[in-house]
Amino acid sequence: MRDLVEYATRDGVGVITLNNPPVNALGAGVRQGVADLVERARADGGVQAIVLTGAGRCFCGGADIREFGQPPIPPSLPEVIDIIESCPKPVVAALHGVAYGGGFELPLGCHFRIAAPSARVALPEVTLGLIPGAGGTQRLPRLIGVEAAVGVILSGKPVAATSALSMGIVDEIVDGDLVDAAIAFALACADKEGPPTRVRDLEVAEPEPGFFEDGRKKIARRARGLIAPWHCIESIENTTKLPFDEGLKKERALFLECRESEQSKGQRHIFFAEREAAKIPDVPRDTPALAIQSVAVIGCGTMGAGIAMCVADAGIPVRILETDADVLEKGLARITKSCEGSVKRGRLSEADKDACLGLIQGVTDIADIKDADIVIEAVFEDLDLKKEIFAKLDTVCRPGAILATNTSTLDVNEIAAVTNRAEQVIGTHFFSPADIMRLVEIVRGAETSAQTIATVMAMARRLKKVGVLVGTCDGFVGNRMYHHYTRQAHFLLEEGALPSQVDKVIYDFGFAMGPFAVGDVAGLDVSWRIRQRRAETRPADERYSPIADRLCEMGRFGQKTRAGWYAYEDGSRAPIADAVVEDVILGVSKELGFDRRAIDNDEIQERCLYTLINEGAKILDEGLALRSSDIDVIWIYGYGFPAHRGGPMFYADQVGLKTVYEALCRLAEVHGDLFVPSPLLERLALEAKGFKDL
Ligand code: 3H9
């Protein structure tokens with residue numbers, strides 16, 4: 001069996017190498033291996049110093065997250081780090097690639113740290129609903145000061161080698177062979193008098209008065225409802241109040257509390273779900289993807305411009321086709337303005353902005369995009385228009401080029417059918433604003449080839465997006481579910497609620513905004529057009545709320561007209577409840593014969609979320625999503641479902657499918673068919689299973 005940790009002696013230095021691919025996670029075997037080998041090197045009279053390094057692509061990705069929730073196996077990571085720190089021989093960590101979480105706490109327990117230029121350190125525990133639990137909150141403030149440590153721990157963001165050097169996290173950056181350099185460094189340390197300095201013994205400098213109070217105010221603003229950031233700051237503050245060992249004990253208790261919380265379970269679920277989404281059973285990892293060296297985007301509206309920006313940002317040349325020269329000019333000007341805004345906000349450097357804009361070229365003749373490796377059409381959501389464009393593209397574009405449609409609802413098969421290359425036609429549903437939102441639903445048509453899917457999934461990764469493969473149906477996965485969720489919200493208005501009440505319930509659940517506030521941001525005319533298109537096929541006996549249509553007929557399209565579900569003052573995005581809207585709602589209730597009643601918040605939450613979950617179950621049953629966790633990823637990255645709830649399907653499992661099922665049955669008795677549980681949900685509930693068991 002391969003050793004998870006390897007050992008060799010060179011020039012009187014014990015070299016301990018983590019060797020647990022892919023990321024040297026610190027599972028039980030690795031922890032035991034490190035502890036044993038440090039003891040062995042300590043006891044060996046021929047060894048003067050120790051080097052700790054990682055094999056493969058990185059030093060270490062941290063604790064093995066898959067072990068959380070399992071019975072603990074000793075030694076714990078804090079115990080291993082204690083063995084390292086108390087070793088009388090100098091221990092030098094040699095870092096390359098990532099050193100994250102426990103994989104950074106381990107070097108913090110070493111006496112010295114040297115790094116390759118590629119190294120990045122981080123304590124990303126907070127993004128998993130955790131706090132660093134192996135001394136990170138106690139050692140980092142001692143090493144770099146409380147203020148800097150709060151920045152690193154609460155952001156969870158990586159610190160590059162050069163910054164790590166200037167912050168005092170690493171002692172040296174070395175070019176050339178890292179282990180050779182670490183051995184030379186360790187021998188020089190061994191020559192020094194006295195025991196090596198331990199980070200635990202460093203003094204903590206008091207921060208500015210009010211520092212922690214300000215930090216807590218920021219958490220209240222930015223991390224609403226989350227436990228981990230509060231525990232992080234409490235634990236860091238303990239460094240200014242408690243001796244090291246006591247602070248460490250408290251840190252452990254806070255870490256365990258987080259680890260067992262539903263919030264961390266949800267966030268850990270999303271970590272794995274995001275990676276799982278990349279795995280497609282009939283498109284194996286070794287499916288050869290086509291090289292994408294040039295992209296064309298059709299349409300320079302909001303979506304087209306956003307997509308072009310993220311393509312260019314990934315370093316790929318992109319041509320935007322817009323047949324009307326004026327529209328093109330305006331679109332390109334918007335792109336320039338948006339990039340300049342990113343520079344102002346510190347998101348983009350001046351040089352990166354220039355590089356990005358340099359890769360974008362506007363064209364007005366379709367012949368100018370004939371050589372593109374992939375064309376992403378992003379015109380108005382109109383099937384006939386899209387078909388016309390695809391028929392033209394098929395004749396103009398080189399054979400083998402992929403033709404993608406950025407649609408949020410339309411049938412990819414119908415679009416593919418007008419071409420002679422249906423296997424190279426695919427849907428790419430970007431979310432608005434496309435340069436910011438991380439989700440892309442990748443829509444597979446009946447004939448889309450494995451190679452086309454592999455290519456577009458790889459392109460999404462290159463654009464730093466999370467691509468999730470879905471099947472073709474009206475609205476695909478996300479919008480189909482969203483439709484059911486908002487429809488329920490509208491019915492609640494007819495029966496007695498007001499937009500502000502519904503929005504508050506959803507906001508309190510953890511979404512950034514409720515459905516009505518979202519509608520006002522997105523523009524009510526967009527969904528109005530979709531409803532008009534669907535009107536012909538809508539069954540006559542289906543319940544339909546006319547409130548949104550009435551608002552649109554009054555020209556209330558949301559924030560852009562300063563009036564929608566709410567009113568908006570000039571220059572402000574703060575929604576204000578509007579008596580005009582209330583009149584419309586009350587009028588519709590009367591027309592439809594509803595006797596308005598007080599609706600409690602639990603009913604609002606149940607009706608909005610359980611219909612969403614029920615539709616998700618139907619989608620799974622129809623095979624339109626590969627797995628329930630893909631639906632969770634779609635909702636977290638595309639619709640702002642609170643990450644600490646793990647997505648709608650994970651949330652349903654946490655609540656218990658039996659509870660969801662019984663509530664739906666109860667609602668179906670009162671409100672009819674809309675709530676009838678899907679056969680899949682019913683089966684799982686009756687078998688006492690969850691979506692996770694599928
Ligand atoms: C912690 O350390 C707690 C301590 O404070 C206290 C302890 C007492 N565990 O992302 P990739 C898997 S909490 C288990 O595609 P990349 C991953 O699932 C931890 N598995 O590669 C995937 O598996 P598969 C703090 C892990 O190169 C494979 O490795 N650490 C772990 O794009 C490749 O991953 C973090 O939060 C793990 N820790 O990125 C870091 N990490 O192939 C979490 C990865 O079966 N990890 N896997 O799908 C990352 O940020 C990225 O994975 C990393 C590599 C940057 C390391």
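Where is aspartate 11 found? Aspartate 11 lies in the loop between S1 and S2. The model is predicted, so local features need pLDDT of at least 70, side-chain atom pairs count only at pLDDT 80 or more, and totals for chains, interfaces and linings use all residues. Residues are numbered from 1 along each chain as its sequence is written, and side-chain values use heavy atoms, with hydrogens and water left out. Helices (H or I, at least four residues) and strands (E, at least two) are DSSP runs, numbered from the N terminus.

**Loop residues**

- Aspartate 11 has a positive phi, near 55 degrees, and is a residue other than glycine.
- With 59% relative accessibility, aspartate 11 counts as exposed; buried means under 20% relative accessible area, exposed over 50%, and partly exposed in between (1.4 Å probe, protein chains only).
- Arginine 562 also has a positive phi, about 60 degrees, although it is not a glycine.
- Arginine 562 sits in the loop between H22 and helix H23 (579-591), and is partly exposed at a relative accessible area of 28%.
- Arginine 538 belongs to the loop between helix H21 (524-535) and helix H22 (547-553), and is partly exposed at 26% relative accessibility.
- Leaving aside residues up to four places away in sequence, arginine 538 touches Arg531 and Tyr544; contact means heavy atoms within 4.5 Å.

**Cis peptide bonds**

- The bond from proline 21 to proline 22 is cis, with omega near 5 degrees, and proline 22 is in the loop between S2 and H1.
- Proline 74 and proline 75 are also joined by a cis peptide bond, with omega about -5 degrees, and proline 75 is in the loop between S3 and H2.

- H1 has 16 residues and spans 23 Å from its first C-alpha to its last, close to the 22 Å expected at 1.5 Å a residue; the expected span is 1.5 Å times one less than the number of residues.
- The buried residues of H1 include Ala28, Val30, Gly33 and Leu37.
- Strand S1 (5-10), strand S2 (13-18), strand S3 (49-54) and H2 are among the elements that cover the buried residues of H1.
- Helix H1 (residues 28-43) packs with helix H2 (residues 77-85) at an angle of about 15 degrees, and their axes are 9 Å apart.
- That makes H1 roughly parallel to H2; angles under 35 degrees count as roughly parallel, over 145 as roughly antiparallel, 65 to 115 as roughly perpendicular and the rest as oblique.
- Axes are lines fitted to C-alpha atoms, for helices over the stretch in contact, and angles run from 0 to 180 degrees between N-to-C directions.
- Arg31, Val34, Ala35, Val38 and Glu39 of H1 meet Leu77, Val80, Ile83 and Ile84 of H2.

**Helix H24 and its partners**

- The axes of helix H24 (residues 601-621) and helix H26 (residues 648-655) come within 10 Å and cross at roughly 110 degrees, so H24 and H26 are roughly perpendicular.
- Residues in this contact include Leu609, Ile613 and Leu620 of H24, and Met649, Tyr651 and Val655 of H26.
- H19 and H24 pack at about 75 degrees, with axes 9 Å apart, and are therefore roughly perpendicular.
- Among the residues in the contact of H19 with H24 are Val502 and Phe509 of H19, and Ile604 and Cys608 of H24.

**Helix H20**

- Pro515, Phe516, Ala517, Gly519 and Asp520 are the buried residues of helix H20 (residues 515-522).
- These buried residues pack against helix H18 (478-495), helix H19 (499-509) and H21.
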